[in-house]
Amino acid sequence: MRGVFFRASSIYLSARNKVKKLYTWIMNPSAHTEVAIVGGGLWGLAAAHFLARLAPESEVSVFEAAPRPGGAVRTLRRDGFLFDAGPSSLLDNSPDLRRLLAGSGLAGHVIEAREAAARNRFILRGGALRRVPASPPALLRSDLLSAAAKLRVAREPLVRRAPADAEESLEEFVRRRLGREFVDYGADPFVAGTFAGSPSELCVRSAFPRLWRLEQEHGSLIRGAAGLSRRRGEPAAAAGPGGGIASFSGGMQTLVEGLAAPLGERLRTRARVTSVSRGPGGFRLALEGPGAPACATARAVLLTLPAHAYRDLRLDSDVPEGLAGIPYPPVTAVFFGYERHPLDPPPEGLGFLVPRVEGRRILGTLWNSSAFAGRAPEGGAAFTTFVGGRRQPEIAAWDDGRLAEAVRGELRELMGIEPAPDVVLIHRWKRAIPQYVVGHRALMAGIDRLEAGCPGLFVGGNFRGGISIGDCVTGAAEAARRIAARL
């Protein structure tokens, strides 16, 4: 009798396991794909978009560990207010970005910043907001720099270029070419607003390659900018990245939602890839999570993970030492919404940045409702203030009440805002933006060697090739072209 019981139990367990496997197979159909993209942030979604056009016959699957795709691109809504917790705008200066918007049907949702936002940007000096000069004549009239600093800038064309193989920080580069004051009131606030970083740490060639090329190709930033502006037909001061400031009527999350939707079931969230190994004819990926099969195989793999995620990813190829140690400082975004605008007249511009030497507790503030329509109810106002970064990481960890009170105090002193906000939203990024510190080029050379030694494996992400929306889309497009060529 006992034997019959054990045989029945064995048959039952075997049948249950088969049913369980069948259910898993039905819920997670064939785990083989032509291209596996690991990471469903903007980089991975954009690469999938381009691959669908370059290699339409090849199946592309995206595996994302988080519950939602999009990475740092996130839009929150509350009581008629719209808050972009990550990037709030983009520059339409990338041909690949324009192609992506047109090809995805998202171009119709793009809104341009108001003219004043593109024209008026401010930097804090001596407790007052001073307009960033938009042309050489405006620089002469500006009160942002002292007379001595303006004379130092005028000498810039006489400064010798650095050797091509020099490894300089942005601070060293700007101080050598433009002087100390320009570091404090030009480079430092700009770096705080883009990288949330420090000019003393960032490598100029890696983080700001356009600046480095201007010196190398023209021997002078001023001569190089003038040459670029003549080709574009713009003022010399506009010869930077170029392109207009834009966003989406529904916020920046519109971008990732528009790229994710066509993927359907080929985008798997809550699916963490734990290892990638080479095998016959391609790669094997081990996965975990409720949205994942146990494993997947692919002919090609594109990794678009943040650098620190490589600590937990097993590869049978050598990852460059130090990759997982790329700094990602914490940044906290504090959003204030006012049903009635607290200032009369409202400010016109994009917002302001704060230099380290001013000794404030914030990195800067975006005037969201001044820059874009639809960020606040009619007659209201919306502001986003950023704190933390490499400058003051401890402030990013303050509790919500202390943070809101600190930001309110700063905006009271710097902008004259007295009323309390009607809506407060706080979003914390424990690891915000990768820092392209001195030595970054050596790490990226190691990535090149990793790819060369492992054909079919590709590495992307915003620690490689630039952190802006345009840079990420351009990098994703180039990776898609390389993958399509291999397929």
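Student: Where is arginine 481 found?

Tutor: Arginine 481 is found in helix 17, residues 469-486. Helices here are DSSP runs of H or I with at least four residues, strands are E runs of at least two, and both are numbered from the N terminus.

Student: What kind of model is this, and how are residues numbered?

Tutor: This is a predicted model, in which local features need pLDDT of at least 70, side-chain atom pairs count only at pLDDT 80 or more, and totals for chains, interfaces and linings use all residues. Residues are numbered from 1 along each chain as its sequence is written, and side-chain values use heavy atoms, with hydrogens and water left out.

Student: Why is arginine 481 called partly exposed?

Tutor: Its relative accessible area is 36%. Buried means under 20%, exposed means over 50%, and partly exposed lies in between (1.4 Å probe, protein chains only). The value of 36% therefore makes arginine 481 partly exposed.

Student: Which residues does arginine 481 touch, not counting those up to four places away in sequence?

Tutor: Arginine 481 touches Leu54 and Asp96. A contact means heavy atoms within 4.5 Å.

Student: How do you know what confidence the predictor has in the chain?

Tutor: From pLDDT, the predictor's confidence in each residue, from 0 to 100. The mean for the protein chain is 91, and 91% of its residues reach 70 or more. Over residues 4-30, however, the pLDDT is below 50, and this stretch has 6 contacts beyond near neighbours in sequence. Residues 235-241 also stay under 50, and the model has 19 contacts for them beyond four places in sequence.

Student: How many helices and strands does the chain have?

Tutor: The protein chain has 17 helices and 20 strands. Of its 487 residues, 51% count as buried. Among contacts between residues at least 6 apart in sequence, 72% join residues at least 24 apart.

Student: Why is arginine 141 called exposed?

Tutor: Arginine 141 has a relative accessible area of 65%. That is over the cut-off, so arginine 141 is exposed. Its place is in helix 5, residues 136-141. The C-alpha atoms of arginine 141 and asparagine 368 are separated by 28 Å.

Student: Why is glutamate 115 called exposed?

Tutor: The value is 64%, so glutamate 115 is exposed by the definition. Glutamate 115 is in helix 4, residues 115-119. From glutamate 115 to arginine 431 the C-alpha distance is 33 Å.

Student: What makes aspartate 312 exposed?

Tutor: A relative accessible area of 63% puts aspartate 312 in the exposed class. Aspartate 312 lies in the loop between strand 13 (295-303) and strand 14 (314-315). Aspartate 312 and threonine 274 are 38 residues apart along the chain, and their C-alpha atoms are separated by 6.9 Å.

Student: Is alanine 196 buried or exposed?

Tutor: Alanine 196 counts as buried, because its relative accessibility is 6%. Alanine 196 is in the loop between helix 8 (180-194) and helix 9 (204-207). Its phi is positive, about 55°, although alanine 196 is not a glycine.

Student: What is phi of arginine 270?

Tutor: Phi of arginine 270 is near 55°, a positive value in a residue other than glycine. Arginine 270 lies in the loop between strand 10 (267-268) and strand 11 (272-279). Its relative accessible area is 44%, so arginine 270 is partly exposed.

Student: Which residues of helix 10 are buried?

Tutor: In helix 10, residues 209-218, they are Trp212, Leu214, Glu215 and Gln216. Glycine 219 follows helix 10, with a positive phi near 75°.

Student: Which peptide bond is cis, from aspartate 344 to what residue?

Tutor: The bond from aspartate 344 to proline 345 is cis, with omega near 5°. Proline 345 lies in the loop between strand 15 (331-338) and strand 16 (351-353).
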